[in-house]
Amino acid sequence: MQLRHVLLPLARSANQLYLESKRTKSSAYTLERLQIMFIGILGTGQVAQTLARALSDAGHQISLGSRDPQSKTFEFPVLPLAEAVATADVVINATLGSGSLETLTSIGADAFAGKIVLDVANANTPAFDLLYPNSSLGEQLQAALPGAKIVKTMNTASMAVITDPSALGPSSVFVSGEDAGAKAIATSILTDLGWPADSVVDLGDIRSARGVEHYFLLFAALMQAKRSPMFNIQVTQ
Ligand SMILES: NC(=O)c1ccc[n+]([C@@H]2O[C@H](COP(=O)([O-])OP(=O)(O)OC[C@H]3O[C@@H](n4cnc5c(N)ncnc54)[C@H](OP(=O)(O)O)[C@@H]3O)[C@@H](O)[C@H]2O)c1
């Protein structure tokens, strides 16, 4: 049996569980510290939906961007990709990693001028090998969209963990990118999701994205060993 046939159902069921648990929880949230942002999430899969629900619960305004918006019905507006980018303060790339470069470049580099783009995708082949073994999707996106402020983040744990870090003990999450301001916004969004500020590790420039993207190989092995996506790593010193 191929690895992806084991891992994908595990990840999907964890995200589904998160969505269901959120639907039944109280929606009383503190807005004391929140800077409300318009967030355009590219993609309409489980990751996009899980992030949309969690960031909406945290008080942000959400739209999803799709290649075929007419065919999608969700609780959030689904826009054509270019419109989701144009109307967003912050864009999140939650598209299929192997198609992300083509999908985002098809929108046009000019559309991304000055935009903060949080890239959460992992770019793998169908056999779960790295698509960019000597580079990373984050670097490829930054090169193709030079006006964008790409921040690689949130790709090292299941979205069920990323959107609810309290489900585990203390653990770490990472940011990589060229622009300090964009990484500060990424960190504030992580804080809105429940990540303590000292759990966010700034790895440096976008080249460091290859470290967190290549971690996918260990992540996949751990998920198979643990038979669950509900785990994370913690950096201790
Ligand atoms: N599963 C997790 O917990 C987790 C955690 C961290 C990171 N990630 C990463 O998050 C990303 C999204 O994961 P997912 O499970 O939501 O993925 P998915 O369902 O396979 O795809 C997400 C969306 O990408 C869009 N898309 C754009 N270009 C595409 C193309 N060429 N082929 C197919 N779809 C395309 C599609 O939306 P439209 O059809 O509406 O355009 C699709 O619904 C992936 O890169 C994954 O590696 C996942």
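**Figure 1. Residues around the ligand.** The shell around the ligand comprises eight nonpolar, 13 polar and three charged residues. In this grouping, Ala, Val, Leu, Ile, Met, Phe, Trp, Tyr, Cys and Pro count as nonpolar, Asp, Glu, Lys and Arg as charged, and the others, Gly among them, as polar. The model shown is predicted: local features need pLDDT of at least 70 and side-chain atom pairs count only at pLDDT 80 or more, while totals for chains, interfaces and linings use all residues. Residue numbers start from 1 along each chain as its sequence is written. The ligand is surrounded by 24 residues, and the closest are Gly45, Ser66, Gly97, Gly99 and Ala121. Two or more residues of the shell come from each of α1 (3–24), α2 (46–57) and α4 (97–107). A residue is near a molecule if its C-beta atom, placed from the backbone, lies within 6 Å of it. Helices (H or I, at least four residues) and strands (E, at least two) are DSSP runs, numbered from the N terminus.

**Figure 2. The open sheet.** Eight strands form an open sheet with mixed pairing, in the order β3-β2-β1-β4-β5-β6-β7-β8. Because β3 (78–80) and β8 (200–204) stand at the edges with a single partner strand each, one side of each has no neighbour in the sheet. Neighbouring strands are turned against each other by 30 degrees on average, direction ignored. Two strands pair if DSSP finds at least two bridges between them.

**Figure 3. Strand β4 and its partners.** Strand β4 (residues 90–93) is covered on both faces, with Val90 and Ile92 buried on one side and Val91 and Asn93 buried on the other. A residue is buried if 20 or more other C-beta atoms, placed from the backbone, lie within 10 Å of its own, exposed if 12 or fewer do, and partly exposed in between. Strand β1 (residues 38–42) runs parallel to β4 and is joined to it by four bridges. Leucine 42 has asparagine 93 of β4 as its bridge partner, and isoleucine 41 stands opposite isoleucine 92. Four bridges also join β4 to the parallel strand β5 (residues 116–119), where leucine 118 stands opposite isoleucine 92. Together, β4, α4 and β5 make a right-handed β-α-β unit; with the strands pointing away from the viewer, the path from the first strand over the helix to the second runs clockwise.

**Figure 4. Helix α2.** Helix α2 has 12 residues and reaches 16 Å from its first C-alpha to its last, close to the 16 Å expected at 1.5 Å a residue. Of these 12 residues, 10 are buried, and the helix is mostly covered. Among the buried residues are Gln46, Val47, Arg53 and Leu55. Glycine 59, which follows α2, has a positive phi near 110 degrees.

**Figure 5. Two loop residues with positive phi.** Most residues other than glycine have a negative phi. Phenylalanine 128, in the loop between β5 and α5 (137–144), has a positive phi near 70 degrees. Phenylalanine 128 is partly exposed, because 16 other C-beta atoms lie within 10 Å. Methionine 154 has a positive phi near 65 degrees and lies in the loop between β6 (149–153) and α6 (159–162). Methionine 154 counts as buried because it has 27 C-beta neighbours inside 10 Å.

Conventions. Expected span 1.5 Å × (residues − 1). Axes fitted to C-alpha atoms, helices over the stretch in contact; angles between N-to-C directions.
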